[in-house]
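Take a look at it, then carry on below.

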Amino acid sequence: MFDIVMSVIVLAAVALVAGAVALLRRGNRKQGMLMLLLAGVMVANVAIWLIPTASGDTLADAAASSGD
């Protein structure tokens, strides 16, 4: 289930970037920049969960092994 959620978040971030580019081309700067900011936050959140730590484990691995 976790993999599906991460995939949906990445796809939503890609859609936000595409929408932001469309808004920026139309001249709607404020909403376009906010959409880019949200996409950046979403990608950073996915990176936090999936980038390995110094020990080689990810936060996703640690959450899975905790016995949720």
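## Ground rules

This is a predicted model, in which local features need pLDDT of at least 70, side-chain atom pairs count only at pLDDT 80 or more, and totals for chains, interfaces and linings use all residues. Numbering starts from 1 along each chain as its sequence is written, and side-chain values use heavy atoms, with hydrogens and water left out.

Helices here are DSSP runs (H or I, at least four residues), numbered from the N terminus.

## The α1 and α2 pair

Two packed helices are described by the angle between their axes and the distance between the axes. For helix α1 (residues 2–26) and helix α2 (residues 29–50), the axes come within 8 Å and cross at roughly 155 degrees. Those axes are lines fitted to C-alpha atoms over the stretch in contact, and the angles run from 0 to 180 degrees between N-to-C directions. So α1 and α2 are roughly antiparallel to each other (that label needs an angle over 145 degrees).

The crossing of α1 and α2 is left-handed, meaning the near helix is turned anticlockwise from the far one by less than a right angle. In the contact of α1 with α2 there are 21 nonpolar residues, 3 polar and 1 charged. Nonpolar covers Ala, Val, Leu, Ile, Met, Phe, Trp, Tyr, Cys and Pro; charged covers Asp, Glu, Lys and Arg; the others, Gly among them, are polar.

I4 is exposed at 52% relative accessible area, and L11 counts as exposed at 60%. The cut-offs are under 20% for buried, over 50% for exposed and partly exposed in between (1.4 Å probe, protein chains only).

For L11 and A64, 53 residues apart along the chain, the C-alpha separation is 23 Å.

## Around T58 and L59

T58 sits in the loop between α2 and α3 (59–65). Is T58 buried or exposed? With 12% relative accessibility, T58 counts as buried. Its side chain reaches the backbone nitrogen of D61 at 3.1 Å. Not counting residues up to four places away in sequence, T58 touches W49, L50, I51 and P52 (contact means heavy atoms within 4.5 Å).

L59 belongs to helix α3 and is partly exposed, at 39%. Setting aside neighbours within four places in sequence, L59 is in contact with I48 and W49.

How values were computed. Helices (H or I, at least four residues) and strands (E, at least two) are DSSP runs, numbered from the N terminus. Angles under 35 degrees count as roughly parallel, over 145 as roughly antiparallel, 65 to 115 as roughly perpendicular and the rest as oblique. A polar contact is a pair of N or O atoms within 3.5 Å; within protein, one must be able to donate a hydrogen and the other to accept it, and residues adjacent in sequence count only if both atoms are side-chain atoms.
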